[in-house]
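This briefing goes through one protein model, topic by topic. Keep the sequence and the 3D view open while reading.

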Amino acid sequence: YISTLLLLYTGLVVPIVVAFFWDNPDPCWRNPLLPFDMFVDTFFLCEILINFRKGTHVGGIYTQDAKVIAWQYIKGDLPFDVFTSIPVSFLEHFALQGCE
């Protein structure tokens, strides 16, 4: 359920931030939601690791074999999960370190 709530947050807040605050004239402006965005990015990166260890169905049979799980995840959702979990908030955080 946490994943769903965080996906809703991302889907609702990110477009607003991009639309209204992306071209802020102050290059050192810090988004007040940045710490929470970093938490969200960390959560989704941890979820990728968890997906390598949770059981899966293969051919209608439930398995907890780590090699099978890993291979199924690599062939299936891993590329999408990695692409959508790029931790942009961390890049923003480190870019703002020069402003302090």
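Predicted model: local features only at pLDDT ≥ 70, side-chain atom pairs only at ≥ 80, totals over all residues.

Which hand does the crossing of H2 and H5 have? The crossing is left-handed.

**Helices H2 and H5**

- Two packed helices are described by the angle between their axes and the distance between the axes.
- For H2 and H5, the axes come within 8 Å and cross at roughly 140 degrees.
- H2 and H5 are therefore oblique to each other, because angles over 145 degrees would be needed for roughly antiparallel.
- H2 and H5 cross in a left-handed way.
- On the H2 side, the contact is made by Leu 34, Asp 37, Met 38, Asp 41 and Thr 42.
- On the H5 side, Val 88, Ser 89, Phe 90, Glu 92, His 93 and Leu 96 take part.
- Sorted by class, the contact of H2 with H5 has 5 nonpolar, 3 polar and 3 charged residues.

**Helices H1 and H2**

- H1 and H2 pack with their axes 11 Å apart, at an angle of about 135 degrees.
- This pair, H1 and H2, is therefore oblique as well.
- The crossing of H1 and H2 is left-handed.
- H1 contributes Ile 2, Ser 3, Leu 6, Leu 7, Tyr 9 and Thr 10 to the meeting with H2.
- By class, 9 nonpolar, 2 polar and 2 charged residues make up the contact of H1 with H2.

- Is Leu 7 buried or exposed? Leu 7 is exposed, because its relative accessible area is 53% and exposed means over 50%.
- Leu 7 and Phe 44 are 37 residues apart along the chain, and their C-alpha atoms are separated by 9.5 Å.

**The disulfide and the cysteines**

- A disulfide is a covalent bond between the sulfur atoms of two cysteines.
- The count for this model comes to 1 disulfide.
- Cys 28 and Cys 99 form a disulfide, with sulfur atoms 2.0 Å apart.
- Where do the two cysteines of the pair lie? Cys 28 lies in the loop between helix H1 (2-21) and helix H2 (34-51), and Cys 99 lies in the segment after helix H5 (88-96), so the pair ties together parts that are 71 residues apart in sequence.
- The torsion about the S-S bond of Cys 28 and Cys 99 is about -75 degrees, so this disulfide is left-handed.
- Cys 28 counts as partly exposed, at 37% relative accessibility.
- Cys 99 is partly exposed, with a relative accessible area of 35%.
- Cys 46 is partly exposed too, at 38%.

**Gln 97**

- Gln 97 is found in the segment after H5, where Cys 99 also lies.
- Gln 97 counts as partly exposed, because its relative accessibility is 34%.
- Between the C-alpha atoms of Gln 97 and Met 38, the separation is 15 Å, and the two residues are 59 residues apart along the chain.

**Thr 56 in strand E1**

- Thr 56 is found in strand E1, which covers residues 56-58.
- Which residues is Thr 56 in contact with, leaving aside its neighbours within four places in sequence? They are Ile 61, Tyr 62, Thr 63, Ile 69 and Gln 72.
- Thr 56 and Ile 69 are 13 residues apart in sequence and 6.2 Å apart in space, C-alpha to C-alpha.

Key
Residues numbered from 1 in each chain as written. Heavy atoms only, no water. Disulfide = S-S within 2.5 Å. Helix = DSSP H or I, 4+ residues; strand = E, 2+ residues; numbered from the N terminus. Buried < 20%, exposed > 50% of the residue type's maximum accessible area, 1.4 Å probe, protein only. Axes fitted to C-alpha atoms, helices over the stretch in contact; angles between N-to-C directions. Parallel < 35°, antiparallel > 145°, perpendicular 65-115°, else oblique. Left-handed = near helix turned anticlockwise from the far one by under 90°. Contact = heavy atoms within 4.5 Å. Nonpolar A, V, L, I, M, F, W, Y, C, P; charged D, E, K, R; others polar.
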